[in-house]
Amino acid sequence: MQATAYTFDPVSRGGSVLLDDGTPLPFDAEAFDAGGLLLLRVGQRVRIRTEGTGDDRRVVFVTLQTYPDPGA
């Protein structure tokens with residue numbers, strides 16, 4: 001699933017993303033570390049994985065959204 005980085009704290013490595021419908025979802029350092037990122041800028045498109053439903057839904061993986069090279 002895709003989302004947009006909404007907040008990020010480089011000290012705690014946690015933050016939140018906005019789903020495309022505008023719903024904010026927080027993520028913790030464990031989800032950030034699972035994606036292998038070193039830094040995240042607000043506004044970047046990210047790929048996420050979630051677990052749970054409703055109020056128990058949480059982000060378990062955050063990484064950058066990459067696009068294929070049209071020239072490749």
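Student: What makes Val59 count as touching Val17, Leu25, Pro26, Phe27, Ala31, Ile48, Arg49 and Thr50?

Tutor: In this predicted model, contact means heavy atoms within 4.5 Å. Val59 meets that limit with Val17, Leu25, Pro26, Phe27, Ala31, Ile48, Arg49 and Thr50, once residues up to four places away in sequence are set aside.

Student: Which residues have the most contacts inside the largest nonpolar core?

Tutor: They are Val17, Phe27, Leu40, Val46, Ile48, Val59 and Val62, in a core of 15 residues. At least two core residues come from each of S1, S2, strand S3 (24–27), helix H1 (29–34), S4 and S5. S1 gives the most, with 3 residues.

Student: Why is Thr63 called buried?

Tutor: Buried means under 20% relative accessible area. Thr63 has 11% relative accessibility, so Thr63 counts as buried. Thr63 is part of strand S5, which covers residues 58–64.

Student: What makes the pair formed by the side chain of Thr63 and the backbone oxygen of Gly35 a polar contact?

Tutor: A polar atom of the Thr63 side chain is 3.4 Å from the backbone oxygen of Gly35. The limit for such a pair is 3.5 Å, so the distance falls within the limit. Gly35 is also among the contacts of Thr63 beyond four places in sequence, together with Leu37, Val46 and Arg47.

Student: How do you know that S1 and S4 pair?

Tutor: Pairing takes at least two bridges. Strand S1 (residues 2–9) and strand S4 (residues 45–51) have 3 bridges, so they count as paired, in the antiparallel sense. Gln2 stands opposite Arg47 in S4, and Ala3 has Val46 in S4 as its bridge partner.

Student: How do you know that S1 also pairs with S2?

Tutor: The same test applies, with at least two bridges needed. S1 and strand S2 (residues 14–19) are joined by 6 bridges and run antiparallel, so the test is passed. Thr7, for example, stands opposite Ser16 in S2. The two strands form a hairpin with 4 residues between them, and Arg13 in the turn has a positive phi of about 65 degrees.

Student: Why are S3 and S5 said to stand at the edges?

Tutor: The open sheet has 5 strands in the order S3-S2-S1-S4-S5, paired antiparallel. S3 and S5 each have a single partner strand, so one side of each has no neighbour in the sheet. From one strand to the next, the twist averages 40 degrees.

Methods:
Residues numbered from 1 in each chain as written. Predicted model: local features only at pLDDT ≥ 70, side-chain atom pairs only at ≥ 80, totals over all residues. Heavy atoms only, no water. Buried < 20%, exposed > 50% of the residue type's maximum accessible area, 1.4 Å probe, protein only. Polar contact = N/O pair within 3.5 Å; in protein donor to acceptor, adjacent residues only side chain to side chain. Core = buried A, V, L, I, M, F, W, Y, C linked by side-chain atoms within 4.5 Å. Axes fitted to C-alpha atoms, helices over the stretch in contact; angles between N-to-C directions.
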